[in-house]
Amino acid sequence: MDLPDRLRLDVPVAQAGMGGGLAGPELAAAVAVAGGLGTLGLAPPAELREAIRQVRDAAPDRSVAVNLLMPFVRRSHVEACVESRIDVAVVAFGMNRSLMRWLAEHGVIVFVMVGTDKQASRAIACGADGLIAQGCEAGGHIAGDTPALAFLPRALKAAGGRPVLLAGGVAAADDTRAAMAAGTDGVVAGTRFLLTHEARAHPEYQRRILSTDKTFRTTLFGLAWPAPHRVVANAATRRWCHEDGTTKLAPRLINAGSGVLARLPDWATAPSPASRCRACRCSPPLPQRSGCPSRRWTTRRCTRGETVLRMTSVISARQAVTELASR
């Protein structure tokens, strides 16, 4: 697959479909207009349809992608995507062969985000058109525990010639160049686009991320979705996490049995407190560990505590695309 031609891209840069309302149509459209792949975060079906329409109106000659966060996806979400004729679906944190076949039958290109060899092999077996190889440097939920460039060769092998995008720690042009040199077809950036004017993130939330000097992995913010995150410290982590990021007993027990909550109506798709809470005291700021292609990270596993972020300001999405793609 000639990815730039098929997806009508000018640059090999995709924006992550951040959930909780952060990646709305304003951000996806701005990225698309700038020549990258704009991706909408999961939203209630009616809102998702409207968001797809807005991106189409703003960038009629570009592709539209939707992030299907599988713990929370329902048939109505997929119907909205199919009926709105999206170009790309990013299937993340779970796989469903029949769902992926349904999308493919309607001309949707399906990428699956994976973080382990087993996930990569299963994604191809389920009919994925391509993979997003996520390294453990990524912010937010983490699919595996291997650094991005260490995992990439295994993802490429599993893909068998299908396109592979690299995610996790992509924050600047150097990261994109190193990823492309390692064989990826493009990169996916999250935190760099979270720190843009078009993202639906509260300015205080963005300020807290920019002012941090460390991240760590934790399962504290796993209610309804008990999986590890990479986060920065806040009042909640100081109260409920040990120094190494491990979660204390009470929230760990609560989260472990909370997966059923994901099936409640629109549980996951309500706006994140981070997008509207002025204090941001208890919501999980979710930055990546910056600079994934550093060679010294390819020989060891990601640790729980990490220094983070070379980004120093909130910029426009267009500028973010340009910075990530500059030669």
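Let's start with contacts that reach across the chain. If we take contacts between residues at least 6 apart in sequence, 66% of them join residues at least 24 apart. Keep in mind as we go that this is a predicted model.

Ser-258 and Leu-223 are 35 residues apart in sequence, yet their C-alpha atoms are 5.7 Å apart in space. You will find Ser-258 in the loop between α12, residues 249–256, and β12, residues 305–306. What does Ser-258 touch, leaving aside residues up to four places away in sequence? The answer is a run of neighbours: Gly-222, Leu-223, Ala-224, Trp-225 and Pro-226. Is Ser-258 buried or exposed? Its relative accessibility is 3%, and the cut-off for buried is under 20%, so Ser-258 counts as buried.

Now let's step back to the whole protein. It has 13 helices and 12 strands. There are 327 residues, and 57% of them count as buried.

Next, please find helix α7, residues 148–159. From its first C-alpha to its last, this 12-residue helix reaches 15 Å, close to the 16 Å expected at 1.5 Å a residue. Which residues of α7 are buried? They are Ala-148, Leu-149, Ala-150, Phe-151, Leu-152, Ala-155 and Ala-159. Just after α7 comes Gly-160, with a positive phi of about 60 degrees.

That brings us to backbone angles. Most residues other than glycine have a negative phi. With that in mind, look at two residues here. Arg-8 has a phi near 60 degrees, a positive value in a residue other than glycine. Arg-8 is found in the loop between α1 (3–7) and β1 (13–15), and it is partly exposed, with a relative accessible area of 33%. Phe-93 is not a glycine either, and it has a positive phi of about 60 degrees. Its place is in the loop between β4 (88–92) and α5 (97–105).

How many cavities of 30 Å³ or more does a search of the whole structure find? It finds one, and the volume of the largest cavity is about 70 Å³. Its lining includes Leu-3, Pro-4 and Leu-7, as well as Val-13, Ala-14 and Leu-165. Both α1 and β1 supply at least two residues of that lining, and α1 gives the most, with three.

My last stop is Asn-234, in the loop between β11 (229–231) and α11 (235–240). A polar atom of the Asn-234 side chain lies 3.1 Å from the backbone nitrogen of Ala-236. Why does Asn-234 count as buried? Because its relative accessibility is 0%, and buried means under 20%.

One is Ser-258, which touches residues including Trp-225 and Pro-226.

Note on methods
Residues are numbered from 1 along each chain as its sequence is written. This is a predicted model: local features need pLDDT of at least 70, side-chain atom pairs count only at pLDDT 80 or more; totals for chains, interfaces and linings use all residues. Side-chain values use heavy atoms; hydrogens and water are left out. Helices (H or I, at least four residues) and strands (E, at least two) are DSSP runs, numbered from the N terminus. Buried means under 20% relative accessible area, exposed over 50%, partly exposed in between (1.4 Å probe, protein chains only). Contact means heavy atoms within 4.5 Å. A polar contact is a pair of N or O atoms within 3.5 Å; within protein, one must be able to donate a hydrogen and the other to accept it, and residues adjacent in sequence count only if both atoms are side-chain atoms. The expected span of a helix is 1.5 Å times one less than its number of residues. On a 1 Å grid over the protein atoms alone, a cavity is a set of points where a 1.4 Å probe fits but cannot get out, and a pocket is an open set with protein on both sides within 12 Å along at least five of seven lines; lining residues have an atom within 4 Å of a point. Grid points are joined across faces, edges and corners, and a volume is the space filled by probe spheres set on the points.
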